[in-house]
Amino acid sequence: WPTKKLGKRKSFSDIVHSWLKDEWYLDHYNKLRPTIPAKILENPDFSSEDENKTRLELLQYVRKPMVDPLPNDTEWYVIEFNKEDLNRTFMVPSADWFPITNNTFHILEALKNVESNLDHADKIRKISATIRNGNISKKLILVASSPESPFTIIEGNHRVVAFVSEALNNKETDVIVEEIFLGISPQMKSYIWHIESRLQNET
């Protein structure tokens, strides 16, 4: 794939904060939410080891199987994401995404089935209907083994399909996103939730 231009570096604590904030609405956090100071999400202090540890533990409460296997040497960057990146972008390779992506996990295949009754389609349509009201997070987290490799969306799968669908329907030149984080490590090829790990196992 074309070499992706990498922007500003981000710390893992930044990534954890963004990931947790976008999933804080989940029912899993209903009992924990009242006990957690809003400050750690709304006004984070990344210089505080205690805060960083708390946010990581909260994220692991729901996403431990995805967070813990991330390679320790992963470097995080802000990147721009546009239509040219769609061909190299895959959904997280979890079995529940298999049907809507026509057994490929490819984002462009998921787009073909947004109007279907397959798993995830209804949620994508509901997100699409509310994009313009400004209440939907427009941040995404992707991983890759290099700036030239395929991308996998590890946070924001439903939203990115909705964003792309909205952009294509309105003939817009760019996908409607604010910030994309990309984690890069050569070891990502062995990360179970990156598409390259699955492709390697199939060959």
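I count two rings of Phe, Tyr or Trp (for Trp, the six-membered ring) as a pair if their centres lie within 6.5 Å. Planes under 30 degrees apart make a pair stacked, over 60 edge-to-face, and the rest tilted. Worth noting before I start: this is a predicted model.

**Aromatic pairs**

I searched the whole structure and got 4 aromatic pairs. I looked at Trp24 and Tyr29: ring centres 4.8 Å apart, planes at 40°, so I log the pair as tilted. Both of these residues are buried. I also checked Phe98 with Phe105, where the centres are 5.1 Å apart and the planes sit at 40°, so this pair goes down as tilted. Phe105 is buried, at 2% relative accessibility, whereas Phe98 is partly exposed, with a relative accessible area of 28%.

**Charges over rings**

Trp24 turns up again here: Arg33 lies over its face, 6.0 Å from the ring centre. I have a note for Arg9 as well, whose charged end sits over the ring of Tyr77 at 5.3 Å from the centre.

**Helix packing**

Next I looked at H5 (residues 121-130) against H6 (residues 157-169). Their axes are 8 Å apart and the packing angle is about 55°. I therefore call H5 and H6 oblique to each other, and their crossing is right-handed. On the H5 side, the contact is made by Lys123, Ile124, Ile127 and Ser128. From H6, I list His158, Arg159, Val161, Ala162 and Glu166.

Conventions
Residues numbered from 1 in each chain as written. Predicted model: local features only at pLDDT ≥ 70, side-chain atom pairs only at ≥ 80, totals over all residues. Heavy atoms only, no water. Buried < 20%, exposed > 50% of the residue type's maximum accessible area, 1.4 Å probe, protein only. Lys NZ or Arg CZ within 6 Å of the ring centre and 35° of its normal. Axes fitted to C-alpha atoms, helices over the stretch in contact; angles between N-to-C directions. Helix = DSSP H or I, 4+ residues; strand = E, 2+ residues; numbered from the N terminus. Parallel < 35°, antiparallel > 145°, perpendicular 65-115°, else oblique. Left-handed = near helix turned anticlockwise from the far one by under 90°. Contact = heavy atoms within 4.5 Å.
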